[in-house]
Amino acid sequence: MADAGARDLCERLAPGQPLARAEGVSFFYGEGESRFQVLFDIGLEIPPGQLVVMTGPSGSGKTTLLTLIGALRSLQEGRVEVLGHDLAGLDPAGLVRVRREIGFIFQMHNLFEALSAYENVKMALQLAGRRTAADMRARGVAMLDRLGLGARIDQKPRALSGGQRQRVAIARALANRPKLILADEPTAALDPDSTRNVVHLFKELTVEEGTAILMVTHDHRIIELADRLLHMVDGRIVSDIILNDALRICEFLKDVDAFKALTPNELTHVAERMKKRHYMTDEIVIREGETGHELFLISEGEVKVERGGREVARLGSGEFFGESALLSGNPRNATVVAMHPLEAYVLGEEDFHAAIAASVSFREQLRRVYFLRH
Amino acid sequence: MPFEVACRVLAHQKGRTALAIGGVFVAILLIFIELGFFLAVPQGGMLIYDHMRFDLLLVSKDYVFMAQSWQFPQRALAVALKVPGVAQATPVYLGDAKWQGAAGGPRIDISIIGFDPGSRAFAAAGIESRSAVLARADTILVDGSTRPIFGPLTVGRKITLDGRPMTIGGRYRLGTGFLGLGVALVDPENFFRIFPRRPSGQVNFGLVTLRPGADPDKVAAALRAVLPTDTQVLTRAGLTRQEVAYWTTKTGTGIIFGSGLVVAFIVGIMILYQTLATQVARQLPQFAMLKAIGYRNRALNAIVLAEAVLIMLLAFLPALGAAFALYIVIRRETLLPATLSPAELGAVFATGLAMAAASALFSLGRLRRAHPADIF
Amino acid sequence: MTIAIAPSTRSVPLAWRNLLSNKRRLARAVAGIGFAVLLMLVQLGFKQGFFDASLGVVRQLDGAIIVMHATKYRFGSEDPFPRADLAKAPNVAGVASVTPLYASWLHFFWKSPADGKSYLVQVFAFDPDDPPFLLPAVRADSARLKAPDAVIVDRLARPFLGMASGARATELNGHPVQIVGSFALGPDFMSDGTVMMSAASYARLLTDNRASAASLPIEFGVIKLRPGSDVGAVERGLRAALPAGVRILSKRQLEEFETDFQANLSSAGPIFWMGALVGFIVGMLISYQVIYTDLADQLPQYATLKGMGYNTFYLLRVVFAQAALSAAAAYVPAWLLCLVVYRVIGDVALLPLHMTAMQTLISFALTLGMCLLSAAFAIRRVVALDPAEVF
């Protein structure tokens, strides 16, 4: 699984194809004197395959933002593009059509008491049109089964527990395999096992099918597994952090000269194998004369390069060192000391050679740098 | 205090409250309408009697109802006059004639009442003022609600009664009751000219009015003692009982309208209960909160009762208004004098209130049993 | 996208499921709407029953053409014409027989074997060899009417007349009469019971033996046609042959004549139409409450549907479908119950209450109409649903 999807990891960062994009979005509630603003100039992009978690105190506007992206509300200010549709220009009928392409998981399951679990899911399946009854049954059963409800397909909500009902609602949202999923506290009613199952399903969807998921939650089990974390306070996005290290490295490598020329594929290859490491001020990273086993890429901080006790150079964020020992096989030709608390991405020897073997351009880049330094 | 809370509760969700009031409105209106129909039948039967002045009525022993009254000898009236307490004993005649326009056309059955205008037998404005008209030869007063098939009831129009030329001398407003499609009044002289073959010594009704202070029951007993067995003496109450019994039981109209009333009553109670039960059930969360902050069950009962009373009050008056409007239509379109007396109104209100209170309390009790852990 | 009124395998029959899944709610809806339907059906039944009752005798006349006095304003008014006016009738082409029929509504007092009191009754008299009635009992017993002062009575008359009491003799107009048979007719607005006798007995009882039947004017001339004759042509022929003072009607025209009178001039029609209207309005309000409550209870679910991408049109179809299904579900038990009610009330009130196809059709249309109409009022909430408010 890792390889098949990982190959596309950095591809996901390719600009111009976000599944959802908001620009300058502001939103007001109420009218006249009691009008107050809940969203202030929100901008954000969600590319395919990202599991994005939104957190924030109540009243911070996250739910409102969710409903705007989900085409459940009309825009007031700003632009929202979802799955290629510009929501601003859409009439109510157009909004309805967009909604069919989005999987929305509400906090309240809102299942029809009169319908069985399968029939509730079928309400979503039949929206896609032109499916045979057998096809819908297969899809619906498969999704319910995947969520652990295989034995309850034909039972009505009153025979199900709160957690089971919520899972039916989740199945309903996912049944059509939408490219974009918006969720509001989807696991609030679930027990730990079910939560784990659901979150794994979400991750599976992002990785295997490139689905983008934007989810409001406080469940730290999900936050831990998320790719990206948005924090909203008082209607503004105050932080937007990529949590997944490999993704982060990809993002970082994209802007590093030596790696720029790499294809996303190759980039992913490298990023996946790089490890983050921290060093404290004045800590020695590599010592002259040692055998070299790693390549270092500085993400944050500064280092001092010394040869024979004399400072030869300083390197900062985006610059790398330690390549000569790996390329020539000689011992380290310099000592590198961290000047501030240092964060570096480290590539091991084998991975380094593999990367060089895999990528001509990478080899060329490295050689150029190597020769420049010598 | 419970009324204040009830007011706030009802005012808070205007839509739902309006629906509840609407439901009760329908229930009450339905009962009013069917009750109106049902009561109109005996009222129709009593209409003309109710506008005649008498304390006791003398009729033949074979009397069935007003239109089948048989006759009894006039000298019974002379006998009656001698009984202490009797102030006046007036004869009233009743016959059926065929009315035809002067130019021909259909011959229609009309009831003719003959009476002496000077005796003030009728307590109706249009009649008392026209004694002079009645005195004229071959002149009749016709009831304004006589049906259109008789043609225009213009004063001066010439018509024939049983072939005899007559003139319409005037119109009065009373109502035909169940005497038929039309009623006309004449004085006794004209009456016997219209019905020459009728024996002159026979009357249909004897209106007996008593001296002030006389006891009708005592005088009735005295009269029965002296009058021959071919006549009977009826008090107003006895007459009403008998006449109403005829219309409601003998003719079957009572059963028909009565069944309509029963169905309406059942439906009305159902709607009432349903409406109030829904209203009460909707407030489960509020009740839970109230219990949590320390209200006792009695207080909840009081609030629920207050709500029921308020809803009933708000629905009753509009229902009454609508019912009266409908009664006007009914009176115009049919022969039924649909109306409700204040006593009957009060009875409907009291019954409605009782049922509303019962419904509210009962549904609260059911709620209590259904959710013991939640709030109770 | 298909919407389901009946269950189909392609799409979820939401309206059907909503209606059937909650048994208690279904029972309440059926009871509520059903009672309104019952109210309407009972009123319509009464209306029809009164008309049918007043036409009871007319329908039983054995003839294709009826001759009566031109000044009669209704079937049941006593307005006879001279027998001689019929003299030329048998000569008109197409006429097979002319039967005189005497009738009285105001002159015969029957002494009831039940309570001994005397009451006005409807009387028909004819030549016992030629009874102009279709009633089988009349045809069977008419020979017995040849005996002097023999009468046959309506055993379905109002009970206080005691005609079904099995008595063998009583009095008419003070004269003793023998009861030699009975038939099944029933009362109407005009009369509480009917008595039939020979023309000779009629003359004797009416005029106290002073006149013979031949000298008395008749109420109707009942005319039978030769097979294959055209009714219209014979009517025209009779019109030419008979004096202007009589009116010539086909049997159907006579029925219409009487129906018009009942409908326009008497009060029965408007009363029951009003009663039915009341039932309709009540039904509409009950149905509105049922539909509205169900909608309100499921608003979050419907809003969720909108959020999923269902358009308002779909929701409207579900609401209307559910209303229509409610109407059907309520109608059937109400209809069945009404059959019983008709039987019971009909027996007690002596009114011919029947469930006819026309009544069923009309009342079902009204039921469906009232449910759909109330759904139309309730859907504003659905149309206004904002899926974002689900939060």
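This is a predicted model: local features need pLDDT of at least 70, side-chain atom pairs count only at pLDDT 80 or more; totals for chains, interfaces and linings use all residues.
**Strands in chain B**

I started with strand 3 of chain B, residues 86–101, and strand 4 of chain B, residues 104–115. They pair in the antiparallel sense over nine bridges. I looked up the link between them and found a hairpin that joins the two through two residues. Then I picked Lys98(B) and saw that it stands opposite Asp109(B) in strand 4.

Strand 4 of chain B also pairs with strand 8 of chain B (residues 183–186), in the parallel sense this time, over four bridges. Here I noted that Ser111(B) has Val183(B) in strand 8 as its bridge partner.

**Where B meets C**

Next I checked the contact between chains B and C, which takes 39 residues from chain B and 39 residues from chain C. On the chain B side, the elements giving two or more residues include strand 3, strand 4 and helix 11 (297–333). Helix 9 of chain B gives the most to that side, with twelve residues. I sorted the chain B side by class and got 21 nonpolar, eleven polar and seven charged residues.

Most residues other than glycine have a negative phi. So I wrote down two exceptions.

Ala71(A) has a positive phi of about 60 degrees. I found it in the loop between helix 2 and strand 4 of chain A. Ala71(A) counts as buried because it has 30 C-beta neighbours inside 10 Å.

Asp162(B) has a positive phi too, near 50 degrees. It lies in the loop between strand 6 and strand 7 of chain B. Asp162(B) has 19 C-beta neighbours inside 10 Å, so it counts as partly exposed.

Note on methods
Residues are numbered from 1 along each chain as its sequence is written. Chains are lettered from A and ligands numbered from 1 in the order in which they are written. Two strands pair if DSSP finds at least two bridges between them. Two residues are in contact if their C-beta atoms, placed from the backbone, lie within 7 Å. Ala, Val, Leu, Ile, Met, Phe, Trp, Tyr, Cys and Pro count as nonpolar, Asp, Glu, Lys and Arg as charged, and the others, Gly among them, as polar. A residue is buried if 20 or more other C-beta atoms lie within 10 Å of its own, exposed if 12 or fewer, and partly exposed in between; C-beta atoms are placed from the backbone.
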